[in-house]
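This briefing covers the covalent cross-link and the charged side-chain contacts of the structure shown below. The points are grouped by topic.

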Amino acid sequence: VQLQASGGGLVQAGGSLRLSCAASGRTFSTYAMGWFRQAPGKEREFVAGISRSGGGAAYADSVKGRFTISRENAKNTVALQMNSLKPEDTAVYSCAADISPVWIQTPSSLGRDYDYWGQGTLVTVSS
């Protein structure tokens, strides 16, 4: 499984960005997908996850109400719509695939549960 994230950039506080992740492989619809981020000098943290069908999603408390994760299985893509961005959202954002999710409707928030990772895309939010 190969994952390629895109869509990062520089945005002012309060602005929006949409990240996209393209996945290879014919079994994309069987993977749970997640977005994680890592800010300079900080640990990687979970941002959002989505179940195989797209029917279930999970968010970090810090992004609830501002970010929305979605997927299009026919196109092998997952997106992260980020609104009301804050300077503390500045980080490298990476998408990841959990090829054997334990729970059908609840994506994992643990990095160790994800098997494949894409290269990150940098999001910088200026104040």
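Cys21 and Cys95 form a disulfide, with 2.1 Å between their sulfur atoms. The pair links distant parts of the chain, since Cys21 lies in strand β3 (residues 17-23) and Cys95 in strand β9 (residues 91-98), 74 residues apart. The model is predicted, and a search of the whole structure finds 1 disulfide. Salt bridges number 5.

**Disulfide**

- A disulfide is a covalent bond between the sulfur atoms of two cysteines.
- The torsion about the S-S bond of Cys21 and Cys95 is about 65°, so this disulfide is right-handed.
- Both Cys21 and Cys95 are buried.

**Salt bridges of Arg37**

- Arg37 forms a salt bridge with Glu45, and the closest N and O atoms of the two are 2.6 Å apart.
- Arg37 has a relative accessibility of 5%, so Arg37 counts as buried; the cut-off for buried is under 20%.
- In the pair of Asp89 and Arg37, both residues are buried.

**Salt bridge of Glu72 and Lys75**

- The side chains of Glu72 and Lys75 meet in a salt bridge, at 3.8 Å from N to O.
- A salt bridge is counted when these atoms are within 4 Å, and the Glu72 and Lys75 pair, at 3.8 Å, is a salt bridge.
- Glu72 has a relative accessibility of 43%, so Glu72 counts as partly exposed.
- Lys75 has a relative accessibility of 57%, so Lys75 counts as exposed; exposed means over 50%.

Notes:
Residues numbered from 1 in each chain as written. Predicted model: local features only at pLDDT ≥ 70, side-chain atom pairs only at ≥ 80, totals over all residues. Heavy atoms only, no water. Disulfide = S-S within 2.5 Å. Helix = DSSP H or I, 4+ residues; strand = E, 2+ residues; numbered from the N terminus. Buried < 20%, exposed > 50% of the residue type's maximum accessible area, 1.4 Å probe, protein only.
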